Amino acid sequence: MHLVDVVVPVRDAARHLPTFLDTVRANTLDGARFVVVDDHSTDETPHLLDAAARDLSVLHVVRADRQVGAAHARNLALEVLDARYLTFLDVDDWTAPGRLAALVAAAERTGASVVRTDHVRVDGYRRTLERAPWHVRGAVADAREGIGDSGGRALVDYPYLWAGIYDVTRLDPALLPFDVTLRTASDRPWFWRLHLGAPDVTVVDAPAYFYRRTAGSGSLTQAGEERLLDFLPAYHQVLDLAARAGVAAYGRRAAYGACRIVAFHVEKRGRLSRALQSRLLEGSCHLLARPDDDTFAAAVREFAPPERQLLQALRHAGRGGRP
């Protein structure tokens, strides 16, 4: 068994591979393995990975026989998972030297099954530290405390797979796979399942992870693609998970998260075609119609009046009224 497996889904990433390989070299660690899943790339990625694997024994390349998407690619890596710890890396991002060793050390020091970290958001030449929302660094608590109640930021809504390390030996294997029907936003229900099912969680300081959000990096926040709308079924799953947990505060948190993401995407709907805008609005109406009146009222109370009015109008339409 390896000490830690790093899962890296890759598709047509030739231009990012030099930076990725620099990150691998800067994070050498006894017992570490980088499981790179090539999602049927059509550029030079397969040849470059083969060449790199000949020089870097820590690289383990898995190839999909057809394009399957990031969620399925990660599941292919999970099928060959053979390590105590699991973490993730996106090929167009990079990390500071020694980050992987620091993550493993933090997991061993705290004994937490889930260890989360901050990250640095990269927008062109601008760097912004994004803090993981947690009360005390290094404090280990029940993972459900990361859900909280409506309002503000909660760890369950910090949906960055790579901003953490996970002790596979202490987690139910059923918590790890991703929903392959979600082309994006599969991390949202993934973290809800994790916080509902993991024993404990902590947040620690660690060498930086640099998350690229620059236009052209492939970030869906910059895109106008149909798959962006998969946040809608993803949040239906989140509402289902909260309902099954049977805790009113979790229902309010799930509703609040749904409201936040709907408000974000509706505000930026101009990047979508008219057909996709219609689907976005219709799907948002149905999503916001789901919570009961008290739960929805608690969720929208946290918003400024213009956003609150928008969300109330969408819910009203979803419940049979006119928008």
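Ala-185 sits in the loop between β10 (164-167) and α5 (187-197). Here helices (H or I, at least four residues) and strands (E, at least two) are DSSP runs, numbered from the N terminus. Ala-185 is not a glycine, yet its phi is positive, at about 70°. Most residues other than glycine have a negative phi. With 12% relative accessibility, Ala-185 counts as buried; buried means under 20% relative accessible area, exposed over 50%, and partly exposed in between (1.4 Å probe, protein chains only).

Before we go on, please note that this is a predicted model, in which local features need pLDDT of at least 70 and side-chain atom pairs count only at pLDDT 80 or more, while totals for chains, interfaces and linings use all residues. Residues are numbered from 1 along each chain as its sequence is written, and side-chain values use heavy atoms, leaving out hydrogens and water.

Asp-12 also has a positive phi, near 45°, and is a residue other than glycine. Its place is the loop between β1 and α1. At 30% relative accessibility, Asp-12 counts as partly exposed.

Let us turn to strand β2 (residues 32-38). Seven of its seven residues are buried, so β2 is largely enclosed by the rest of the structure. In a regular strand the side chains alternate between the two faces of the sheet. In β2, Ala-32, Phe-34, Val-36 and Asp-38 point one way, while Arg-33, Val-35 and Val-37 point the other way.

Two strands pair if DSSP finds at least two bridges between them. Strand β1 (residues 2-10) runs parallel to β2 and is joined to it by seven bridges, with Val-7 opposite Val-35. Between these two strands the chain passes through helix α1 (residues 17-25), and this β-α-β crossover is right-handed; that is, with the strands pointing away from the viewer, the path from the first strand over the helix to the second runs clockwise. β2 also pairs with strand β3 (residues 59-63), in the parallel sense and over five bridges. There, Asp-38 has Arg-63 of β3 as its bridge partner. The chain goes from β2 to β3 through helix α2 (residues 45-55), again in a right-handed β-α-β crossover.

## Inside the nonpolar core

A nonpolar core is a set of buried Ala, Val, Leu, Ile, Met, Phe, Trp, Tyr and Cys residues joined through side-chain atoms within 4.5 Å. The largest one has 67 residues, and Phe-20 and Phe-34 touch the most other members. Beyond its neighbours within four places in sequence, Phe-34 is in contact (heavy atoms within 4.5 Å) with residues including Val-6, Val-24, Leu-59 and Leu-100. There is also a second, separate core of 41 residues, with Trp-192, Leu-228, Tyr-235 and Val-238 among them.

## Aromatic rings that meet

The structure holds 14 aromatic pairs. Rings of Phe, Tyr and Trp (its six-membered ring) pair if their centres lie within 6.5 Å; planes under 30 degrees apart count as stacked, over 60 as edge-to-face and the rest as tilted. Phe-20 belongs to helix α1 and Phe-34 to strand β2, 14 residues apart, and both are buried.

Phe-88 and Phe-178 are also edge-to-face, because their planes are at 85°, with the centres 5.9 Å apart. Phe-88 lies in strand β4 (residues 83-88) and Phe-178 in the loop between β10 and α5, so this pair ties together parts 90 residues apart in sequence. Phe-88 is buried, with a relative accessible area of 4%; Phe-178 is buried too, at 5%. Ring pairs link Phe-88, Tyr-166, Phe-178, Trp-190 and Phe-191 into a cluster.

## Strand β11

Strand β11 (residues 200-203) is covered on both faces: Asp-200 and Thr-202 on one side, and Val-201 and Val-203 on the other, are all buried. Strand β6 (residues 114-116) runs parallel to β11 and is joined to it by three bridges, and Val-114 has Val-201 as its bridge partner. Strand β9 (residues 141-142) runs antiparallel to β11, with two bridges between them; here Ala-141 stands opposite Val-201.
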